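The stops below follow one another; select each in turn.

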Amino acid sequence: MTAAAIDLLQREISNPDTQWSLGTFGAIAEFSRAPDEPVRLVQSAKAVSAVTTRGGIALKPDPAIRPFASEGITKTGWNQRIALCLPRDDCAMNQRVALTEIGPDRQAPREEDREDILFDLGLGALQADFCVRIGDHGLAARLREHTGRSLFEPGNPAMAMILAANPHRVFVSRLGRIEVYQPIPPPSGKSPEGPHTHVLPRLLQSRRTHPATEPVPQGWIPCAHLYPPHPARNGLGGARPFDATHHNAFQRMMAACGDPAALATKRRVVDAVLAGEPPTAMAGDRHGRISVRIALRQMRSQGHASAALTAWLVSLDSAAPDEADDEAALHQEG
């Protein structure tokens, strides 16, 4: 692993405005913390972690790790993230397809959790295992009666037992884990602020490792993500005045570990708009078109106003198909 990747993880784990996720398409755990929330931090060349009373993240960087920065379109703006990738041959987890008892969670970041029992939910994903941690011995005994069965098997009561108990959720990849201690919301409820999980069986059935809208390099699999502070949205997704510092910081990350073609497309768009040129198609593929739209939206968010920008937005963004649904589906309640 490069020194730059180590520096990235050490820097971002200490930033309370950076958010994190780990999982697959259809099941993810998300970790975030408030700026004034008590946290236990670890920053070293071998491990980084942040643990609060609501959840935790612990990463042990693999030498093969490749950070990849990218941006995506949303309904009204854009998002940004850095995928922490491993080669496909190095990313595989256990891919269990039935409820399985793992045993005491000796790797738990909190000592008080290390005797509690991990059960793999058996979701069968490539790059992550999805577990619950059970401290109640009676519940653990009842769940043992249903190991070897799919949680989704008709008549299997195990999922209802888990939902009623609200155990810790522990999602694990080759790069580490995210733990969630907050309650699971009811089917009609909203996920709590801070650490939470989403499990969406319909999306899991696709067997995809990430949204089609995320341009991960060929042969690489995202095993965790980090989301540096957004220049136009706060941590809860609400609008805020454009922060040029956050914007410039992420553009530097894009230059260091993103797709050079995406940056080049964005630069061409900005130059053309500033020169007053009429709208013209600058990219033929899906990701290229998204880069064009993001460049235009970022110019608008920065306060740029001109007849040329309006024309470009009307021509290339206002009637463009919404390509955000694929990624937004991951953040449904669950």
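Start at helix α9, residues 307-316, and show side chains. Ala308, Leu309, Trp312 and Leu313 are buried. Seen down the axis of α9, these buried residues fall within an arc of 135°, so they line one face of the helix. The arc is taken from the directions that run from the helix axis to the C-beta atoms. Buried means under 20% relative accessible area, exposed over 50%, and partly exposed in between, with a 1.4 Å probe and protein chains only. Turn to the face of α9 away from its buried side: Ala307 and Val314 are exposed there. Contact here means heavy atoms within 4.5 Å. Helices (H or I, at least four residues) and strands (E, at least two) are DSSP runs, numbered from the N terminus.

A word on the source. This is a predicted model, in which local features need pLDDT of at least 70 and side-chain atom pairs count only at pLDDT 80 or more, while totals for chains, interfaces and linings use all residues. Residues are numbered from 1 along each chain as its sequence is written, and side-chain values use heavy atoms, with hydrogens and water left out.

Next, select the open sheet. It has 8 strands in the order β3-β4-β5-β12-β11-β10-β9-β8, with antiparallel pairing. Two strands pair if DSSP finds at least two bridges between them. Go to the edges: β3 (40-43) and β8 (100-104) each pair on one side only. On average, neighbouring strands of this sheet are turned by 15° against each other, direction ignored.

Zoom in on β8 and β9 (residues 117-120). They run antiparallel and are joined by 4 bridges. Pick glutamate 101: its bridge partner in β9 is phenylalanine 119. Then show α3, which lies across β8, β9 and β10 and runs at about 30° to β9. Axes are lines fitted to C-alpha atoms, for helices over the stretch in contact, and angles run from 0 to 180 degrees between N-to-C directions.

Move to helix α4, residues 158-165. Which of its residues are buried? Ala158, Met161 and Ile162 are. They cover an arc of only 95° around the axis, which puts them on the same side of α4. Ala160 and Ala164 are exposed on the other side. The buried residues of α4 pack against β10 and α3 (137-144). Just after α4, asparagine 166 takes a positive phi of about 50°.

Now for the rings. The whole structure holds 1 aromatic pair. Phenylalanine 130 and phenylalanine 171 form it, edge-to-face, at 4.7 Å centre to centre and 90° between the planes. The pair links distant parts of the chain, 41 residues apart: phenylalanine 130 is in β10 (129-134), phenylalanine 171 in β11 (168-173). Rings of Phe, Tyr and Trp (its six-membered ring) pair if their centres lie within 6.5 Å; planes under 30 degrees apart count as stacked, over 60 as edge-to-face and the rest as tilted. Phenylalanine 130 counts as buried, at 1% relative accessibility. Phenylalanine 171 is buried, with a relative accessible area of 1%.

Last stop: proline 241, in the loop between β14 (220-227) and α6 (244-257). It is exposed, with a relative accessible area of 71%. Proline 231 is 10 residues from proline 241 in sequence and 7.9 Å away in space, C-alpha to C-alpha.
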